[in-house]
Amino acid sequence: MKSLIALLSAALLALPNLKAAVTATFTVPSAWSGGYIANLVLANTGPTAVTNWSANLVTTDRVANAWNGSASTTAGGYAILPASWTATIPANGSVSIGFQFDASGSKPANPTRALVNGVPVPLVVNNPYGSATPTPTPS
């Protein structure tokens, strides 16, 4: 029984608390008629690195290109995988994934949700070119 408790404790300690440690910031530094550039920064405020991460970004606009990672279409948005050099989000550090989007409307759409390893994380949107959208609280 003692070894079972020790094993379960070790397994629980190995799980990263993503809700508390990872945040997502989506920034649009440049936009034009029909498209824009955006950066997604995943910041880790926790004491341990987050490795082998994947993310989902819920947005209505189409990713035309990505750098420092890749994006593939999923229901309601994109699955994002890191490049080899962004595969680890260091403790108290961050990684940045860049995108070129084709805008579906006249203004860049604000993403409504971000998940890292399947867990909703706080999402901050800095989009001076888009319409105001309240930032949802992770559930």
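Two rings of Phe, Tyr or Trp (its six-membered ring) count as a pair if their centres lie within 6.5 Å; planes under 30 degrees apart make the pair stacked, over 60 edge-to-face, and the rest tilted. By that rule, three aromatic pairs turn up in this predicted model. Local features need pLDDT of at least 70 and side-chain atom pairs count only at pLDDT 80 or more, while totals for chains, interfaces and linings use all residues. Residues are numbered from 1 along each chain as its sequence is written, and side-chain values use heavy atoms, with hydrogens and water left out.

**The overall picture**

- The protein has two helices and 12 strands; helices (H or I, at least four residues) and strands (E, at least two) are DSSP runs, numbered from the N terminus.
- Along the sequence, the pattern reads α-α-β-β-β-β-β-β-β-β-β-β-β-β.
- Of the 139 residues, 34% are buried, where buried means under 20% relative accessible area, exposed over 50%, and partly exposed in between (1.4 Å probe, protein chains only).
- Take contacts between residues at least 6 apart in sequence: 64% of them join residues at least 24 apart, with contact meaning heavy atoms within 4.5 Å.

- Five strands make an open, mixed sheet in the order β5-β9-β2-β1-β12; two strands pair if DSSP finds at least two bridges between them.
- β5 (62-67) and β12 (123-126) are the edge strands, each pairing on one side only.
- Strands of a sheet pair through backbone hydrogen bonds, either parallel or antiparallel.
- β1 (residues 22-32) and β2 (residues 35-44) run antiparallel, joined by nine bridges.
- These two strands form a hairpin with two residues between them, and Gly34 in the turn has a positive phi of about 95°.
- On to the next pairing: β2 and β9 are antiparallel over 10 bridges, with Leu40 opposite Ile97 in β9.

**The aromatic cluster**

- Phe26 and Phe101 sit edge-to-face, 6.0 Å centre to centre with 70° between the planes.
- That pair links distant parts of the chain, as Phe26 is in β1 and Phe101 is in β9 (residues 93-102), 75 residues apart.
- Phe99 and Phe101 have ring centres 5.6 Å apart and planes at 50°, so this pair is tilted.
- Phe26 and Phe101 are both buried, and Phe99 is buried as well.
- Ring pairs tie Phe26, Tyr36, Phe99 and Phe101 into a cluster.

**The nonpolar core**

- A nonpolar core here is a set of buried Ala, Val, Leu, Ile, Met, Phe, Trp, Tyr and Cys residues joined through side-chain atoms within 4.5 Å.
- The largest one holds 25 residues, and Phe26, Leu42, Trp53 and Ile80 touch the most other members.
- β1, β2, β4 (55-58), β7 (77-82), β9 and β10 (113-116) each give two or more residues to this core.
- Leaving aside neighbours within four places in sequence, Phe26 is in contact with residues including Tyr36, Leu40, Leu57, Phe101, Pro111 and Val125.

**A buried threonine**

- Thr86 lies in the loop between β7 and β8 (88-89).
- Its relative accessible area is 5%, so Thr86 counts as buried.
- Beyond its neighbours within four places in sequence, Thr86 is in contact with Trp53, Asn68, Val95, Ser96 and Ile97.
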